[in-house]
Amino acid sequence: MGKRVVVVGGGVGGTIVANHLARKLGRELELGDLEITMISPDAQHFYQPGLLYVMFDLTRPEELSRSQASLLEPGIRLVQDWADHIDKDKGEVRTRAGQTFPYDFLLLATGSRPSPQLIPGLAEGGHLFYTLDGALKLREALFNFQGGKVVVTVGVPHKCPVAPLEVTFMLDAWFRQRGLRDKVELTYTYPIGRLHALEPVANWAVPQFAARDIHGETFFNLKEVDAKARQLTSIEGTTLPYDLLISVPPHQGAQVIIDSGVGDKGGWVPTGKHTLLMEGTDNVFVVGDTTNLPISKAGSTAHFEADVIADNLASRLQGYPGGRSYDGKVFCFVETGLEQATYVWFNFETPPNPVPPSQAIHWFKLAYNKAYWLTPKGVL
Ligand SMILES: Cc1cc2nc3c(=O)[nH]c(=O)nc-3n(C[C@H](O)[C@H](O)[C@H](O)COP(=O)(O)OP(=O)(O)OC[C@H]3O[C@@H](n4cnc5c(N)ncnc54)[C@H](O)[C@@H]3O)c2cc1C
């Protein structure tokens, strides 16, 4: 029997690893010396960063998804189901439909999920643009909005480190474009004593907020939302009224990680920061949002990690030790309005340093959004 690799989760990280591996070891796959099985519930692969544009009707939902099967290299078996239980002692994954998949190597790539239900009233009182359904509802609310208090409230941890800032800058520009900005009070709340977890980004954001008349409310850990009275209260005791509430709620890891006891209580898998191996194992790799690494949860993080994992996994399958090490690299474009953007890159050692925003960088971001489909294929 050939070696069996099971990939749980067909998002950006899981798909890149599976495709790279299939290309690196195409011959073994063809001869049956290697089996790659991907377990993923989604028939469609969804490009989440595109949601930022859906609420302003700058991107249509149908532009953001492609068939998962069409993105996979020949030879990769796609099992369209949820993984229900991961048993690392037995070395197998069970699916909701009751199938069992033994593995020699496992990749955990189940991502993260926004969890507004963790905060009383938030799901009822606030809009969420991190899901397609939420972004479509927000689009309707925005196009009917005539002015008032808009609050963008941020909980941690969350994926995409810069999306909350991006949406705030984009809202500012959008209200200006529609001639509504003088009727809108725009507030952004953040849980710690500055505007962003990454200090250089927080420092950079201060003059950006001042120039746009955006109010930053720091040390604001959301305790509850009163949807009827339309107000938010923080653990620190601050109360903010709102007419339109947009939230980036705290996230959790996948339920299967929690239920199988392979993660911490947030659902994040303890992971070696350079090896990307689940702690205490030698054959379970972890990619992307699923890790507990002290680094941003982002598609680019998953992408850089996936390159390292695929290389090391291919080596290990060929009987070599696997010599590549992840350095914590992250790269994110940051929209600073509707026609300007900057970017940040950083790693475990080097802090981010946003460059002056420009239209050219915004165009790069839009171009990448179109070219994204080459990323899960492992080409770009
Ligand atoms: C609005 C928004 C804007 C963003 N902007 C950016 C950006 O500009 N740049 C950037 O780098 N990142 C951005 N991100 C973040 C990026 O999309 C994620 O960090 C990235 O998708 C993480 O990749 P992943 O492979 O870890 O998880 P995902 O891509 O989320 O994939 C996880 C997969 O696991 C599957 N899964 C879950 N549970 C199970 C189970 N039990 N069994 C089987 N499969 C399961 C899910 O269905 C999903 O397909 C943005 C995200 C959002 C929402």
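Let's start with one tyrosine: Y343 is partly exposed, with a relative accessible area of 27%. "Partly exposed" sits between buried (under 20% relative accessible area) and exposed (over 50%), using a 1.4 Å probe and protein chains only. What you're looking at is a predicted model, where local features need pLDDT of at least 70 and side-chain atom pairs count only at pLDDT 80 or more, while totals for chains, interfaces and linings use all residues. Residues are numbered from 1 along each chain as its sequence is written, and side-chain values use heavy atoms, with hydrogens and water left out.

**Around the ligand**

A polar contact is a pair of N or O atoms within 3.5 Å.

| Residue (backbone N or O) | Ligand atom | Distance |
|---|---|---|
| A83 | nitrogen | 2.9 Å |
| T110 | oxygen | 3.4 Å |
| S300 | oxygen | 2.9 Å |

Taken alone, the ligand exposes 1000 Å², and the protein buries 91% of that. Accessible areas come from the Shrake-Rupley method with a 1.4 Å probe.

**Rings**

Rings of Phe, Tyr and Trp (its six-membered ring) pair if their centres lie within 6.5 Å; planes under 30 degrees apart are stacked, over 60 edge-to-face, and the rest tilted. By this rule there are 15 aromatic pairs. F145 and F175 make a tilted one, 5.8 Å centre to centre with 45 degrees between the planes. This pair links distant parts of the chain, 30 residues apart: F145 is in the loop between helix 6 (132-144) and strand 12 (148-154), and F175 is in helix 7 (residues 163-177). Both F145 and F175 are buried.

Back to our tyrosine: the ring centres of F331 and Y343 are 5.4 Å apart and their planes meet at 25 degrees, so the pair is stacked. F331 lies in strand 21 (residues 330-335) and Y343 in strand 22 (residues 341-346), so the pair ties together parts twelve residues apart in sequence. F331 is partly exposed, with a relative accessible area of 29%. There's an aromatic cluster too, formed by F56, F143, F145, W174 and F175.

A cis peptide bond joins V156 and P157, with omega about -5 degrees. P157 is in the loop between strand 12 and helix 7.

D57 isn't a glycine, but its phi has a positive value, near 55 degrees. D57 sits in the loop between helix 3 (51-54) and strand 4 (65-67), and is partly exposed at 33% relative accessible area.

L276 also has a positive phi, near 60 degrees, and its place is in the loop between helix 9 (255-259) and strand 20 (284-286). Is L276 buried or exposed? L276 is buried, with a relative accessible area of 0%.

Terms used. A polar contact is a pair of N or O atoms within 3.5 Å; within protein, one must be able to donate a hydrogen and the other to accept it, and residues adjacent in sequence count only if both atoms are side-chain atoms. Helices (H or I, at least four residues) and strands (E, at least two) are DSSP runs, numbered from the N terminus.
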